[in-house]
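Please open the model in your viewer and keep the selection panel at hand. The stops below go from one selection to the next, with a short account of what to look for at each.

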Amino acid sequence: MALLCGEAMKIAKNRNSSALVPLPGDFYARDPRAVSRELLGKVLVRRQQRKLLTARIVEVEAYLGPDDPASHSARGRTARNFVLFGPPGFSYVYFIYGNHYLFNVSCLPDGDAGGVLFRALEPISGIEQMAEARDILIDATGELRKLTSGPGRLAEAFGITRERDNEKDLTSPRSDLIIVDDGFRPGRIEVTPRIGITKAAESPLRYIIAGNKFVSRG
DNA sequence: TACATGATGCCCT
DNA sequence: GGGCATCATGTAG
């Protein structure tokens with residue numbers, strides 16, 4: 001906990017300085033599997049009024065595009081999934097199950113479809129705002145997992161919706177939603193099958209920081 | 001225009 | 001561990 005507060009302080013202090021430089025487009029212009037692996041340990045940052053919401057990425061899934069039956073882009077470009085076919089580093093947000101927004105980032109060069117789904121984060125700063133957005137109370141024992149452990153949960157905690165955030169450039173310094181490298185490096189990374197899909201359900205394309213308690217399951 | 005379904009989470013048992 | 005809310009989207013008719 002002390003470590004988390006220290007990290008939050010470091011990031012908050014360095015706002016408007018080099019600590020908040022977003023990862024560049026080149027980072028995302030690669031195979032979603034490589035992007036997935038390297039996104040682990042990076043920090044998702046939302047600028048919200050005067051507040052800074054930050055959380056470490058601990059679980060993601062790769063969706064490979066036309067050759068991946070589970071990918072939204074498997075059957076071609078539509079009004080919903082067009083962002084996946086566009087330039088890398090843009091947010092693809094969609095609504096599912098009548099309740100939840102799921103947050104992805106586009107990968108591969110412009111014209112090639114592919115993406116990474118964000119499945120779980122470890123909150124660093126702006127925890128009160130996240131709890132408010134999730135409409136839950138954080139007591140003294142602090143069940144922080146409920147904030148951002150799960151793709152629908154993390155989107156709600158960060159106020160991510162399709163209307164507000166779809167097709168947003170995550171690589172622009174002017175964006176209110178970016179991903180930064182704060183120097184943290186994960187220990188062991190585990191790769192498992194993806195969660196909640198029926199097609200290509202066995203492919204090992206889910207990447208997690210081994211042992212991290214904010215991972216959504218497993 | 002109708003209809004089946006889904007990259008989920010929550011509540012109940 | 002299972003049932004279910006709830007609706008945008010894609011596809012079929």
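A charge is said to sit over a ring if NZ of Lys or CZ of Arg is within 6 Å of the ring centre and within 35 degrees of the ring normal. With that in mind, and remembering that this is a predicted model, select R80 and Y94 to begin: the charged end of R80 sits over the ring of Y94, at 5.6 Å from the ring centre. Then select R194 together with Y63, where R194 lies over the face of Y63, 4.6 Å from the centre of the ring.

Next, show DNA strand C and the residues that surround it, which are R75, T78, R80, F95, Y97, G98, N99 and R162. Sorted by class, the surface near DNA strand C has 2 nonpolar, 3 polar and 3 charged residues.

Now turn to DNA strand B, which has 19 residues around it, with H100, N104, R134, G152 and R153 coming nearest. Sugar and phosphate make up 53% of the atoms of DNA strand B that come within 4 Å of the protein. Colour β3 (91-96), β4 (100-106), β5 (115-125) and α7 (151-157), each of which supplies at least two residues of the surface near DNA strand B. By class, that surface has 10 nonpolar, 6 polar and 3 charged residues.

Finally, display the aromatic rings, among which a search of the whole structure finds 4 pairs. The rings of F27 and Y28 have centres 5.1 Å apart and planes at 80 degrees, so this pair is edge-to-face. F27 is buried, at 10% relative accessible area, and Y28 is buried as well, at 0%. The rings of F95 and Y101 have centres 5.0 Å apart and planes at 50 degrees, so that pair is tilted, and F95 counts as partly exposed at 40% relative accessibility.

Note on methods: Residues numbered from 1 in each chain as written. Chains lettered and ligands numbered in written order. Predicted model: local features only at pLDDT ≥ 70, side-chain atom pairs only at ≥ 80, totals over all residues. Heavy atoms only, no water. Near = heavy atom within 4 Å. Nonpolar A, V, L, I, M, F, W, Y, C, P; charged D, E, K, R; others polar. Phe/Tyr/Trp six-rings, centres within 6.5 Å; stacked < 30°, edge-to-face > 60°. Buried < 20%, exposed > 50% of the residue type's maximum accessible area, 1.4 Å probe, protein only. Helix = DSSP H or I, 4+ residues; strand = E, 2+ residues; numbered from the N terminus.
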